[in-house]
Every structure is written in structure tokens, then in C-alpha cells.
Amino acid sequence: MIERTTETQITFEHPFVLDGLVAPLQAGTYRLVVDEELIEGLSFSAYRRVGTHLEIPAISAVTATRQFLQVTAAEIESALLRDAGVSTGNPAH
């Protein structure tokens with residue numbers, strides 16, 4: 001099975017919470033790692049997401065220990081939207 005890993009950076013302007021965490025994470029830039037596998041048997045290249053992980057703490061944090069928290073794409077998208085709502089002063093968030 002052919003797999004690929006993509007790393008991107010996402011930035012939160014405010015502390016944020018994710019499912020499964022007891023305490024909020026600090027604002028900052030985090031590394032998001034997405035693992036995908038090739039869907040075989042198609043006439044074109046397509047990949048299926050098999051894992052999404054957020055590296056914690058934030059990239060700027062000075063620490064010897066880093067962890068990867070398994071998350072869903074929807075969970076990250078929701079957290080980013082909430083963060084954007086807070087930063088724009090949207091009273092619904």
C-alpha cells in the first residue's frame with residue numbers, strides 16, 4: 001500500500017479546546033500531520049485519509065517532549081472556525 005504524509009502549520013490566535021483534552025491548548029502555531037493511503041484500482045490517483053495528528057505543544061514552545069494528539073479533520077476545522085469567530089469579535093462564539 002502506498003502512503004503519503006503531509007505536514008502543515010495551523011495557527012490559533014486564542015487558547016482552544018479539542019475533544020478528549022482536559023485543559024485548553026495555548027494559542028500558537030501547531031504542526032498538523034495527515035497520513036493518507038492510495039486508493040488502488042482507480043483510473044486516477046486518489047488518497048484516503050487514515051490519520052490526522054496535531055503535534056503539541058505549539059511549535060514555538062521550548063520543550064524536550066512533544067506528543068501527537070489524534071484528531072479528526074472536522075474537529076480541527078471546528079476549532080479554527082471558533083478561533084476565527086473569537087478573533088473577529090463575533091458574539092455567537
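The paragraphs below lead through this structure, from its sheet to its core, its aromatic rings and a few single residues.

The model is predicted, so local features are reported only where pLDDT is at least 70 and side-chain atom pairs count only at pLDDT 80 or more, while totals for chains, interfaces and linings use all residues. Residues are numbered from 1 along each chain as its sequence is written, and side-chain values use heavy atoms, with hydrogens and water left out.

We begin with the sheet. Helices (H or I, at least four residues) and strands (E, at least two) are DSSP runs that are numbered from the N terminus, and two strands are said to pair if DSSP finds at least two bridges between them. In this model, four strands form an open sheet in the order 1-2-3-4, and their pairing is antiparallel. Strand 1 and strand 4 (67–70) stand at the edges with a single partner strand each, so one side of each is left without a neighbour in the sheet. On average, and with direction ignored, neighbouring strands of this sheet are turned by 30° against each other, where the axes are lines fitted to C-alpha atoms, for helices over the stretch in contact, and angles run from 0 to 180 degrees between N-to-C directions. As a general rule, the strands of a sheet pair through backbone hydrogen bonds, either parallel or antiparallel.

The pairs can now be followed across the sheet. Strand 1 is joined to strand 2 by ten bridges, strand 2 to strand 3 by eight bridges, and strand 3 to strand 4 by four bridges.

The next topic is what lies inside. A residue is buried with under 20% relative accessible area, exposed with over 50%, and partly exposed in between (1.4 Å probe, protein chains only). Strand 2 is mostly covered, as eight of its eleven residues are buried. A nonpolar core is a set of buried Ala, Val, Leu, Ile, Met, Phe, Trp, Tyr and Cys residues joined through side-chain atoms within 4.5 Å. The largest such core has 14 residues, and those with the most contacts inside it are Phe16, Leu18, Tyr30 and Leu54. Strand 1, strand 2, strand 3 (47–56) and helix 1 (73–87) each supply at least two residues of this core. Contact means heavy atoms within 4.5 Å, and the contacts of Leu54, leaving aside its neighbours within four places in sequence, include Ile10, Phe16, Leu18, Tyr30 and Ile76.

The aromatic rings deserve a paragraph of their own. Rings of Phe, Tyr and Trp (its six-membered ring) pair if their centres lie within 6.5 Å, and planes under 30 degrees apart count as stacked, over 60 as edge-to-face and the rest as tilted. The structure holds three aromatic pairs. Phe12 and Phe16 form a stacked pair, 3.6 Å centre to centre with 15° between the planes. The rings of Phe16 and Tyr30 have centres 5.3 Å apart and planes at 90°, so this pair is edge-to-face. Because Phe16 lies in the loop between strand 1 (3–12) and strand 2 (28–38) and Tyr30 lies in strand 2, the pair ties together parts that are 14 residues apart in sequence.

A few single residues complete the tour. Gln26 has its place in the loop between strand 1 and strand 2, and it counts as exposed at 63% relative accessibility. Leaving aside neighbours within four places in sequence, Gln26 is in contact with Pro15 and Phe16. Ile2 is found in the segment before strand 1, and at 48% relative accessibility Ile2 counts as partly exposed. Not counting residues up to four places away in sequence, Ile2 touches Glu36, Glu37, Leu38 and Tyr47. Finally, the peptide bond from Ile56 to Pro57 is cis, with omega near 5°, and Pro57 is found in the loop between strand 3 and strand 4.
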